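Thanks for coming, everyone. Please look at the sequence and the structure on the screen. I'll walk you through a few places in turn.

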Amino acid sequence: MALLEVRELSVRFGGVVALDRVSFTVDAGEVVALIGPNGAGKTTLFNVITRVYRPSAGTVLIDGDPVARIPPHEVVRHGLARTFQNLALFRSMTVLENVIVGDHIRTPSGWLQSTIPLPGAVKAESAARQRAMAMIDFVGLGAVATRPVAALPFGTQKRVELARALVSKPRLLLLDEPAAGMNMTESMTLLDTIARLKSSGITILLVEHNVRLVMGISDRVTVLDFGKKIAEGAPSEVQRNPLVIEAYLGRRHQHA
Ligand SMILES: Nc1ncnc2c1ncn2[C@@H]1O[C@H](COP(=O)(O)OP(=O)(O)O)[C@@H](O)[C@H]1O
Ligand SMILES: [Mg+2]
């Protein structure tokens with residue numbers, strides 16, 4: 001059974017059809033890339049999977065169970081974690097503080113424990129710190145752990161988001177343009193990081209415009225254009241597909 005199954009999913013915003021009967025699956029342990037020009041519906045799909053938006057029609061299944069049954073605030077507890085295309089960090093807080101937030105989402109007592117010094121809370125807090133630092137080191141940001149996020153370049157902030165998503169120990173990780181704002185060296189380091197996540201058994205759905213990253217890491221690629229799935233397959237197949245080339249290079253789109 002697929003870890004993620006998207007079945008006949010449609011999302012409408014007024015007159016805009018952001019997703020039009022999209023179906024695809026992601027098996028456990030795979031890295032699947034979701035590509036397509038700007039406005040294709042990629043972020044909307046992430047928002048449906050993580051219960052931010054309700055679909056107009058269709059279903060999303062995680063391990064065979066409909067995500068619609070998961071209360072939105074419990075998505076992380078069900079093994080889903082994501083990063084955001086436009087960042088969702090607390091800009092005045094440090095890297096470490098931002099990543100600890102990801103851990104607090106996981107622990108049931110959460111913020112309460114950090115404000116009231118209950119017995120055991122100090123110990124839990126230092127364990128949370130350690131888990132956060134481990135992930136910060138994993139994404140290569142150990143040297144800036146105590147710096148406020150606002151002082152860091154966009155590409156570095158994207159790595160903070162990755163660390164925060166990882167601290168919840170997700171089964172399925174959704175990455176929305178993780179290489180945006182990164183130079184070639186940084187994006188190749190990210191490729192290596194994603195490869196290590198894959199070998200640790202995390203399943204990844206990757207939205208990304210960086211072709212080298214997509215081609216270098218994905219087992220399969222699904223292509224959306226104007227809310228419709230127009231192609232899927234091995235990276236090399238998809239790259240040669242005339243419909244995909246047209247979607248990216250056609251004059252009706254601003255090139256992303
Ligand atoms: N909250 C929203 N309200 C209205 N329209 C939206 C909303 N979110 C996305 N859209 C529209 O849905 C379409 C798909 O957007 P999006 O999922 O962000 O595309 P992508 O991530 O592939 O660039 C676009 O036409 C966009 O304007
Ligand atoms: Mg998007």
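Start at Glu232. Its relative accessible area is 37%, so Glu232 counts as partly exposed. Keep in mind that this is a predicted model. What does Glu232 form with Lys229? A salt bridge, with the closest N and O atoms 2.8 Å apart. Lys229 is partly exposed too, at 32% relative accessibility. In general, side chains of opposite charge can pair when their charged atoms come close.

How many salt bridges does the count come to? Ten. Let me take two more of them.

One joins Asp219 and Lys198. Their closest N and O atoms are 2.7 Å apart. Asp219 sits in the loop between helix 7 (211–217) and strand 9 (220–225), and Lys198 sits in helix 6 (residues 184–199), so this pair ties together parts that are 21 residues apart in sequence. Asp219 is partly exposed, with a relative accessible area of 32%. Lys198 is partly exposed as well, at 26%.

Now Glu161 and Arg164. Their side chains meet in a salt bridge, at 3.5 Å from N to O. Are these two residues buried or exposed? Both Glu161 and Arg164 are buried. They lie three residues apart in helix 5 (residues 154–166), which means about one helical turn separates them. An α-helix has 3.6 residues a turn, so residues three or four places apart point the same way.

Next, the metal. Which protein atoms are donors of the magnesium ion, ligand 2? They are OG1 of Thr43 and OE1 of Gln85, lying 2.1 Å from the ion. Thr43 belongs to helix 1, while Gln85 belongs to the loop between strand 6 (80–82) and helix 2 (95–106), so the pair ties together parts that are 42 residues apart in sequence. Thr43 is partly exposed, at 25% relative accessibility. Gln85 also has a relative accessible area of 25% and is partly exposed.

Stay on helix 1. The helix is mostly covered, with seven of its eight residues buried. Among the buried ones are Lys42, Thr44, Leu45 and Phe46.

What does helix 1 pack on? Four strands form an open sheet, in the order 2-1-4-5, with antiparallel pairing. Strand 2 (16–26) and strand 5 (65–66) are the edges, and each pairs on one side only. Helix 1 (residues 42–49) packs on this sheet and touches strand 1 (4–13), strand 2 and strand 4. The direction of helix 1 makes about 115° with that of strand 1.

Last, two backbone angles. Most residues other than glycine have a negative phi. Arg51 has a positive one, near 70°. Where is Arg51 found? In the loop between helix 1 and strand 4. Arg51 is buried, because its relative accessible area is 12%, and the cut-off for buried is under 20%.

Leu87 has a positive phi as well, near 65°. Leu87 is found in the loop between strand 6 and helix 2. At 18% relative accessibility, Leu87 counts as buried. Gln85, one of the magnesium donors, lies in that loop too.

That's the tour. Thank you.

Technical notes: Residues are numbered from 1 along each chain as its sequence is written. Chains are lettered from A and ligands numbered from 1 in the order in which they are written. This is a predicted model: local features need pLDDT of at least 70, side-chain atom pairs count only at pLDDT 80 or more; totals for chains, interfaces and linings use all residues. Side-chain values use heavy atoms; hydrogens and water are left out. Two strands pair if DSSP finds at least two bridges between them. Helices (H or I, at least four residues) and strands (E, at least two) are DSSP runs, numbered from the N terminus. Contact means heavy atoms within 4.5 Å. Axes are lines fitted to C-alpha atoms, for helices over the stretch in contact, and angles run from 0 to 180 degrees between N-to-C directions. Donors are N, O and S atoms within 2.8 Å of the metal (3.2 Å for Na, K and Ca); water is not among the atoms, so sites may look incomplete. Buried means under 20% relative accessible area, exposed over 50%, partly exposed in between (1.4 Å probe, protein chains only). A salt bridge is a side-chain nitrogen of Lys or Arg within 4 Å of a carboxyl oxygen of Asp or Glu.
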